[in-house]
Each structure stands twice: as C-alpha cells, then as structure tokens.
Amino acid sequence: MRVPRIFTTQPLQINSEVELEAGPSAHVAKALRMRIGDTITLFNGLGGEFSAQIFSIDKKAVKLNVLDHNTQALESPLQLELGIAISRGDRMDWVIQKATELGATSISPLTTLRTEVKLKGDRAEKKQRHWQQVIISACEQCGRNQLPQLQALTSLES
C-alpha cells in the first residue's frame with residue numbers, strides 16, 4: 001500500500017508530536033480511513049520529508065509521532081518560472097497542477113488585455129487561496145517536498 005503524503009504548515013522535527021490541521025485530519029480519518037499505528041509522510045515545504053505514525057485519531061484531530069527525517073533532495077536544480085494568463089473554469093487549476101508536478105519554482109498568474117476572468121478584492125484573494133491548495137495537493141501527489149511560490153495576481157504590463 002502506498003504511504004500517503006500530507007502537507008502541514010507546522011515545524012517538524014524528529015521525536016516530536018504533531019496534531020494535523022482540520023482539513024488534513026479529516027482527509028486522513030474519513031477519506032483514507034487510516035487507523036492508529038498507520039504511518040504517513042509529512043512535509044512542510046522547507047525541504048525533506050518526515051515519516052510519522054498515528055497515535056490518536058478522531059473525527060476532528062489526528063495526532064502523530066514524528067519518527068525520522070529524509071533529507072533527499074527531490075527538486076530540480078533548474079529555476080523554472082511560469083507566467084500564465086488567467087483562464088476560465090478548471091483550466092487554470094490544471095495548468096497550476098501540471099506546472100507544480102513538472103517542477104516549476106514560481107507561478108505568476110497574469111491578467112492580460114484579453115483575459116475574460118476579472119478578479120478583484122475578496123474574489124482575487126479567494127482564488128489565490130484556492131490555487132495555493134491546488135499547489136499543495138499537486139506536491140502531495142507527485143512527491144515534491146518544496147512548494148512553488150505563487151506570486152500575487154499582476155497585469156502583464158507590470
């Protein structure tokens with residue numbers, strides 16, 4: 001069975017206890033149906049990954065013992081930056097996902113003269129948070145340990 005990879009914003013160190021955030025806890029407990037004693041891989045985007053074992057699980061919280069650290073560098077030595085005009089529907093999510101899987105280090109969403117999607121204020125912030133979650137999910141799936149930087153929405157002219 002494949003060991004699930006979970007992103008956390010918490011600092012990680014060997015022989016420490018970690019309580020996952022609400023979203024990842026629900027995913028581990030409900031979607032993956034993991035049990036006490038199961039192991040998962042944790043990463044926080046700062047490089048490397050940590051093996052952890054579940055010691056407590058309920059509907060809202062999963063607690064883990066961090067066992068060891070793997071410092072293997074999985075990132076490409078190339079610095080790939082992608083500037084992409086915002087597109088409608090799921091296409092932008094797909095581009096961000098694939099760019100992350102291919103090793104992009106920075107993704108810049110752009111507005112152009114012909115961009116049909118208009119994002120301002122709260123709507124732009126909500127989209128940024130959504131795209132950041134797409135990046136996290138892609139890193140969990142493809143095995144990357146560092147998240148690409150998601151730049152703020154800017155115009156092509158700037």
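These legends describe close-up views of a predicted model. Local features need pLDDT of at least 70 and side-chain atom pairs pLDDT 80 or more, while totals for chains, interfaces and linings use all residues. Numbering runs from 1 along each chain as its sequence is written, and side-chain values use heavy atoms, without hydrogens or water.

**View 1. Asp-93 in helix α2.** Asp-93 sits in α2, residues 91-101 (helices are DSSP runs of H or I, at least four residues; strands are runs of E, at least two; both are numbered from the N terminus). Asp-93 is buried (under 20% relative accessible area; exposed is over 50%, partly exposed in between; 1.4 Å probe, protein chains only). Its side chain makes a polar contact with that of His-130, at 2.7 Å (N or O atoms within 3.5 Å, one able to donate a hydrogen and the other to accept it; residues adjacent in sequence count only if both atoms are side-chain atoms). Asp-93 has no salt bridge (a side-chain nitrogen of Lys or Arg within 4 Å of a carboxyl oxygen of Asp or Glu). The nearest side chain of opposite charge, Lys-127, is 5.0 Å away.

**View 2. The buried side of α2.** Met-92, Asp-93, Ile-96, Ala-99 and Thr-100 are the buried residues. They share one side of α2 because their arc spans only 135° around the axis (taken from directions from the axis to the C-beta atoms). Their cover includes β6 (81-85), β7 (106-111) and α3 (121-142).

**View 3. Cys-139 and Cys-142.** The structure has zero disulfides (cysteine sulfur pairs within 2.5 Å). The sulfur of Cys-139 lies 5.4 Å from its closest cysteine sulfur, in Cys-142, too far for a bond. Cys-139 is buried, at 0% relative accessible area. Cys-142 is partly exposed, at 34%.

How values were computed: Lys and Arg count as positive and Asp and Glu as negative; His and the chain ends are not counted. Contact means heavy atoms within 4.5 Å.
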